Amino acid sequence: MRTLIATAFVSLDGVVEAPGGEPGYRNSGWTFRDIPFDEAAYELKGREQGEATAMLMGRVSYEVFAPVWPGMTTEFPGYNAMPKYVVSTTLKDEDLVTNWGEITILRSLDDVAALKDTEGGPIIVHGSATLDRALSDAGLIDRYHLLVFPVLLGAGKRLFSDTDKDKQNLRLLESESYGNGVQKLVYDVVR
C-alpha cells in the first residue's frame, strides 16, 4: 500500500489558501510577505520531490499548476517528471495539458483508495484544500508535511475539515523551528 502525504503551507489558524500569490484571496502571498526567507525552512519541500513517486491534486489546483509548473524545470524537476493524478468529476481528458508528463483523472475517492492499493512509493498531495479535507474525512491520508507560518489569516480555505467526527490521533515524526518563525511539523496518522 502506498503512503498518501498531504503537504501544505499553513497559517497558525489553519488557512492554506493562496500561499504563493494566487489571485482572488485578500491575503494572497502570505508565505513570503513580511516573513524573512530562510532556506533551511524549505528543506522539506526539496526532500518531498526526491521521495514522492506520484502527485495527487484536485481540479482547482491542477488548473492553477498546469499552466505554470511544466515550465519550472529548475524548481520542480521531480514533480514535473512524476505521474500526476487529478481528482475531478468534471475535467475531461481533452482538458489536460500535454507538456507535463503522464496525467490521469480519478473520478472519486474510491479511485484514490484504489491508487493507494497499487505498488509504488509515496503519493504527495499539493494544494487542493477541498480534496485534502475530503481525503482526511475518508481516512485516506497517512501523513502530513506541514510548514506552519507565524501568521493569523482569519478567513480562507482551511486544511482541516470541520466535520463532526471521531478524534484522530497523530504521531509526531519530525519538528523544527526556524529563525523566521516557521515551524516544520511532520505527522503520521495513527490507525
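Modeller: A definition comes ahead of the pockets. A pocket is an open set of grid points where a 1.4 Å probe fits, with protein on both sides within 12 Å along at least five of seven lines. Its volume is the space filled by probe spheres set on the points. Note also that this is a predicted model.

Colleague: Which element gives the largest share of the lining of the second largest pocket?

Modeller: The share in question is three residues. The element that supplies it is α5.

Colleague: What is the volume of the largest pocket?

Modeller: The lining of the largest pocket divides into 24 nonpolar, 13 polar and seven charged residues. The volume of the largest pocket is about 1200 Å³.

Colleague: Of the residues that line the largest pocket, which are the closest to its centre?

Modeller: The largest pocket is lined by 44 residues. Elements that give two or more residues to this lining are β1 (4-11), α1 (43-51), α2 (59-65) and α5 (129-137). Closest to the centre are Pro19, Gly20, Glu22, Phe65 and Gly127.

Colleague: Is Ser128 buried or exposed?

Modeller: Ser128 sits in the loop between β5 (123-125) and α5. Leaving out residues up to four places away in sequence, Ser128 touches Met57, Gly58 and Ser61. Its relative accessibility is 7%, and buried means under 20%. So Ser128 counts as buried.

Colleague: What radius of gyration does the protein have, against that of a compact globule?

Modeller: The C-alpha atoms fill a box of roughly 45 × 40 × 30 Å along the principal axes. For 191 residues, a compact globule would come out near 16 Å. The protein agrees with that, so the value is 16 Å.

Colleague: Among contacts between residues at least 6 apart in sequence, what percentage join residues at least 24 apart?

Modeller: The protein has five helices and eight strands. From the N terminus on, they run β-α-β-α-α-β-β-α-β-α-β-β-β. Of the contacts you ask about, the part that joins residues at least 24 apart is 70%.

Terms used:
Residues are numbered from 1 along each chain as its sequence is written. This is a predicted model: local features need pLDDT of at least 70, side-chain atom pairs count only at pLDDT 80 or more; totals for chains, interfaces and linings use all residues. Side-chain values use heavy atoms; hydrogens and water are left out. On a 1 Å grid over the protein atoms alone, a cavity is a set of points where a 1.4 Å probe fits but cannot get out, and a pocket is an open set with protein on both sides within 12 Å along at least five of seven lines; lining residues have an atom within 4 Å of a point. Helices (H or I, at least four residues) and strands (E, at least two) are DSSP runs, numbered from the N terminus. Ala, Val, Leu, Ile, Met, Phe, Trp, Tyr, Cys and Pro count as nonpolar, Asp, Glu, Lys and Arg as charged, and the others, Gly among them, as polar. The radius of gyration is taken over C-alpha atoms; the globule rule is 2.2 Å times the number of residues to the power 0.38. Contact means heavy atoms within 4.5 Å. Buried means under 20% relative accessible area, exposed over 50%, partly exposed in between (1.4 Å probe, protein chains only).
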